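Subject: Structure handover

Hello,

Here is the structure I promised to pass on. Please open it alongside this email.

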Amino acid sequence: MILSTSYNEIEILENIKNLHCKKKRFHLDVTYSRGTIYKNRKEIEPRIKTDKNYFENIDAQMNTKNLPIKSESIESIIYDPPFLCRTGKAINRDKTAIRYGYYTSRTEQIEEYTRSIEEFSRVLKTSGVLIIKIGDMKGNEYITSHVDMINIINEKGLTVIDIFIKVRNRNINQTDRNQRVAKQNHTFFIVAKKKRKYTRR
Ligand SMILES: C[S@@+](CC[C@H](N)C(=O)[O-])C[C@H]1O[C@@H](n2cnc3c(N)ncnc32)[C@H](O)[C@@H]1O
């Protein structure tokens, strides 16, 4: 039986591939970075790897806001964008923000997610699948980015068909005493499908 929660990201990706992608390897990862989520597992690695920034193992540098890809040509997309949003000065230098990128305002964050999902809607084939990894952390506060993503998905003509939750069972940075919310220990994998041919909205 496939469960919607897991401690293991690879298990979640395998389940998404088997349940929603006809067991085929993911077609395109647009925020590949160093591909850490695939843990060097070839059967899970995407066929095409791209990122806005240069990384050694990617096939091309592309910005998700304007993909140089033919409409209706992609079977599945993995999107794992930065989720931190930092408006203050001092905290802009922390390791996660430097390694994975961050937005400087909520407006910038939502605009980028919206523009990117519109592009995914364009390049996906009908019945193509979009997999979005997103956490609800903004920086030192917790928001509802997964809800924003679901709203944008609906607005751009895709349909959410499944949600998986990766649970962290070990908190390396914090003790139970200074934990603020339960959701700081989980990440969402939202799975959406393109059910109709793309028309610009
Ligand atoms: C959270 S990291 C992805 C981590 C990756 N999934 C891994 O396992 O290593 C976010 C990545 O998105 C990339 N990125 C940010 N904005 C982008 C954009 N507009 N287009 C393409 N890539 C972007 C960043 O360069 C960064 O590598």
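Below is what was found in it.

**Ground rules.** This is a predicted model: local features need pLDDT of at least 70, side-chain atom pairs count only at pLDDT 80 or more, and totals for chains, interfaces and linings use all residues. Residues are numbered from 1 along each chain as its sequence is written.

**Overall.** The chain has four helices and eight strands. Both are DSSP runs, numbered from the N terminus: helices are H or I with at least four residues, strands are E with at least two. Along the sequence the pattern reads β-α-β-β-β-β-α-α-β-α-β-β. Of the 201 residues in the chain, 32% are buried. Buried means that 20 or more other C-beta atoms lie within 10 Å of the residue's own, with C-beta atoms placed from the backbone; exposed means 12 or fewer, and partly exposed is in between. Now the contacts, where two residues count if their C-beta atoms, placed from the backbone, lie within 7 Å. Among those between residues at least 6 apart in sequence, 64% join residues at least 24 apart.

**The sheet.** Eight strands form an open sheet with mixed pairing, in the order S1-S7-S8-S6-S5-S2-S3-S4. Strand S1 (5–6) and S4 stand at the edges with a single partner strand each, so one side of each has no neighbour in the sheet. Two strands pair if DSSP finds at least two bridges between them.

Strand S8 (residues 186–194) is mostly covered, with seven of its nine residues buried. S8 has these antiparallel partners:

- Strand S7 (residues 158–167) pairs with S8 over nine bridges. Lys 166 has Thr 187 in S8 as its bridge partner.
- Strand S6 (residues 124–134) is joined to S8 by six bridges. Ile 134 stands opposite Phe 188 in S8.

Parallel pairing also occurs:

- Strand S2 (residues 28–29) and strand S3 (residues 48–51) are parallel, with two bridges. Asp 29 is opposite Lys 49 in S3.
- S3 and strand S4 (residues 60–61) are parallel too, over two bridges. Thr 50 has Ala 60 in S4 as its bridge partner.

**The helices.** Helix H4 lies across S6, S7 and S8, at about 5 degrees to S8. Such angles run from 0 to 180 degrees between N-to-C directions, using axes fitted to C-alpha atoms, for helices over the stretch in contact.

Helix H3 (residues 106–123) has 18 residues, and at 1.5 Å a residue it should span 26 Å; its end C-alpha atoms are 26 Å apart, so the two agree. The expected span is 1.5 Å times one less than the number of residues. Buried residues in H3 include Gln 109, Tyr 113, Ile 117 and Phe 120. The buried residues of H3 pack against strand S5 (74–79), S6, helix H4 (145–155), S7 and S8.

**The ligand.** Which residues come nearest to the ligand? Of the 19 residues around it, they are Thr 31, Ser 33, Thr 36, Ile 37 and Lys 52. A residue is near if its C-beta atom, placed from the backbone, lies within 6 Å of the molecule. The shell divides into five nonpolar, eight polar and six charged residues. Here Ala, Val, Leu, Ile, Met, Phe, Trp, Tyr, Cys and Pro count as nonpolar, Asp, Glu, Lys and Arg as charged, and the others, Gly among them, as polar.

Best wishes
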